[in-house]
Amino acid sequence: ALDTPLFYFFKDDRPADGIVVRKERRKTLGYPGERDVHYQLLTPDTTSNIEFCLMELPPLCDLRPHPSCHVGEEVAYALDAVDIWIDGVRYQLHKEDSVRIPAGAEHAWVNPADAPVRIIFALSPPSF
């Protein structure tokens, strides 16, 4: 009813200790039901106007049954080849391609490969 994941109400949004995020100290985020999809917060916390994350999709992962949609704009950079569906249109991203996902656009990632893929994305305002 609130269009907000349940974990949002239990997360720790206290400001981080400083402005640098060390690789080994990244916070792990996620949505219920996406156990194999891993998100790491690359910003110290979610209290600023932008959120920067690393997403890893397992091999042959298809998130189309559960597309995302949020009020803010998103920009993503594919570290590996991956497909994204935006408002029902498929876009094939090659390694090191980027994409802007308009605010309110329904979108879902698909990893057709036999290996994990990684995507870096920024959201404004934060939605995790």
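Visitor: Among contacts between residues at least 6 apart in sequence, what percentage join residues at least 24 apart?
Guide: In the protein chain that comes to 62%, where a contact means heavy atoms within 4.5 Å. Keep in mind that this is a predicted model: local features need pLDDT of at least 70, side-chain atom pairs count only at pLDDT 80 or more, and totals for chains, interfaces and linings use all residues. Residues are numbered from 1 along each chain as its sequence is written, and side-chain values use heavy atoms, with hydrogens and water left out.

Visitor: Okay, how many helices and strands does the protein chain have?
Guide: 0 helices and 9 strands. Both are DSSP runs numbered from the N terminus, with helices being H or I of at least four residues and strands being E of at least two.

Visitor: Which strands make up the open sheet?
Guide: There are 3 strands in it, in the order 6-5-8, with antiparallel pairing. Two strands pair if DSSP finds at least two bridges between them. Strand 6 (89-93) and strand 8 (107-110) are the edges, each pairing on one side only.

Visitor: How many bridges between strand 5 and strand 6?
Guide: Strand 5 (residues 82-86) pairs with strand 6 over 5 bridges. I84, for one, has Y91 in strand 6 as its bridge partner.

Visitor: Switching topic: what is in the largest nonpolar core?
Guide: It has 25 residues, and M55, L57, V82, W109, I119 and F121 have the most contacts inside it. A nonpolar core here is a set of buried Ala, Val, Leu, Ile, Met, Phe, Trp, Tyr and Cys residues joined through side-chain atoms within 4.5 Å. Buried means under 20% relative accessible area, exposed over 50%, and partly exposed in between, with a 1.4 Å probe and protein chains only.

Visitor: And which strand gives the largest share of this core?
Guide: Strand 9, with 4 residues.

Visitor: How many aromatic pairs are there?
Guide: The count is 1. Rings of Phe, Tyr and Trp (its six-membered ring) pair if their centres lie within 6.5 Å; planes under 30 degrees apart are stacked, over 60 edge-to-face, and the rest tilted. Y39 and F121 are edge-to-face, 6.3 Å centre to centre with 90° between the planes. Y39 sits in strand 2 (residues 38-41) and F121 in strand 9 (residues 117-124), 82 residues apart.

Visitor: Is F121 buried or exposed?
Guide: F121 is buried, with a relative accessible area of 3%. Y39 counts as buried too, at 5% relative accessibility.
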